[in-house]
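Subject: Structure for you to look over

Dear colleague,

I am passing on the structure we spoke about, together with some notes on what turned up in it. Please have it open while you read.

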Amino acid sequence: LFLLLTMWVFALLGMGLFGGRFFYCSTQNVPDPIVASPAGKMECTGYLVREDGVLIQRAWENPPFHFDTFRDAMRTLFVVQTYKFLSTMQHAMDLTGHDQSPEQNASVHHALFFIMYLFIGGLFVMNLFVGFIVDGFNVQKGTSDAEIHYSRITRQLEMRKPTYNRFSLPANVLSEFCRNLIGSNTWQTISSACVAVNVLINLTVHTGASEEFEAMIDTQNNFFNYVLFMEVFVTLIGYGPGGFVDDKWKMFDAFVCFGSIAGMVINSPSVTKISK
């Protein structure tokens, strides 16, 4: 019901903004200078003679999806909501005036209408619909006595199960210092900041970049690789080889580290890119 109400409101808005304005001359894409903007319906008559001698009849046409009537507006919004909105939005962005030929990007601001509808009628309503389904499923889940007893038993088993490390931690002053260092808030903050900065810089990579930019990307990647090497080395001293087996995150860091080392050793950018 909320979706239908949203479509109804935007259909009325679309009729007011775009009703009867999507028409264009059938020869405007040839191109045909006679019917180009600011010309329009009055000039869209007769025939166009192409360079190869073929005659093309001019006709004042309407695209398949438009906002001339309420039914057509609802149908157009349904197509837009399925994320097939580019052609319709381009027609709206090219509008000039009633009975005038469209001009490319003459009314770019009309794209806001489709952006707003995709956010409200597409993303928000779809998430709302999925949320109702998930919420209804959770309400009905675990309501029987058997499910309640089973959830209580599994929760107790998870809480009471024994925890142990399969490998003993190294017992020396240097290892204890490394463990305290890795577990400190300062170390965790610096490690997270390095990951965030590396990701943000790599997001700026683009095609056709200058040599200086490529050199900067390589330099910062090498720097953060060395930071990762140091972190894995300190972890190895603090927890020993068994610490990587008992902790999956440490195992993941070691995997990324060895992947970067392998890419540098065999000079393979593809292997290094995968590890990044």
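Please keep in mind throughout that this is a predicted model.

To begin with the charged side chains, the structure holds 2 salt bridges, and Asp72 takes part in both the one with Arg71 and the one with Arg75. Between Arg71 and Asp72 the closest N and O atoms are 3.6 Å apart, while the side chains of Arg75 and Asp72 meet at 3.5 Å, N to O. Arg75 and Asp72 both belong to helix α2 (residues 70-81), where they are 3 residues apart and therefore separated by about one helical turn. Through these shared partners, Arg71, Asp72 and Arg75 are joined into one network.

Helix α7 (residues 185-202) is the next element I looked at. With 18 residues at 1.5 Å a residue, helix α7 should span 26 Å, and this agrees with its end C-alpha atoms, which are 26 Å apart. The buried residues of α7 are Trp187, Ser191, Cys194 and Asn198; seen down the axis of the helix, they fall within an arc of 60°, so they line one face of it. Asn185, Thr186, Thr189 and Leu200, by contrast, are exposed on the other side of α7. As for what covers the buried residues of α7, the cover includes α6 (173-183) and α8 (211-239).

Finally, there is a nonpolar patch on the surface, formed by Phe2, Tyr83, Leu112, Ile115, Met116, Phe119, Ile120, Leu123, Phe124, Leu128 and Phe132, which together have about 1100 Å² of accessible area. Helix α4 (residues 111-140) supplies the largest share of this patch, namely 9 residues. Phe124, one of the residues in the patch, lies in helix α4 and is partly exposed, because its relative accessible area of 46% falls between the limits of 20% for buried and 50% for exposed.

With best wishes

How values were computed. Residues are numbered from 1 along each chain as its sequence is written. This is a predicted model: local features need pLDDT of at least 70, side-chain atom pairs count only at pLDDT 80 or more; totals for chains, interfaces and linings use all residues. Side-chain values use heavy atoms; hydrogens and water are left out. A salt bridge is a side-chain nitrogen of Lys or Arg within 4 Å of a carboxyl oxygen of Asp or Glu. Helices (H or I, at least four residues) and strands (E, at least two) are DSSP runs, numbered from the N terminus. The expected span of a helix is 1.5 Å times one less than its number of residues. Buried means under 20% relative accessible area, exposed over 50%, partly exposed in between (1.4 Å probe, protein chains only). The arc is that of the directions from the helix axis to the C-beta atoms. Contact means heavy atoms within 4.5 Å. Patches are made of residues with over 30% relative accessible area and no salt bridge: like charges are joined within 9 Å, nonpolar side chains (Val, Leu, Ile, Met, Phe, Trp, Tyr) within 5 Å. Accessible areas come from the Shrake-Rupley method with a 1.4 Å probe; for residues, only the protein chains shown count as cover.
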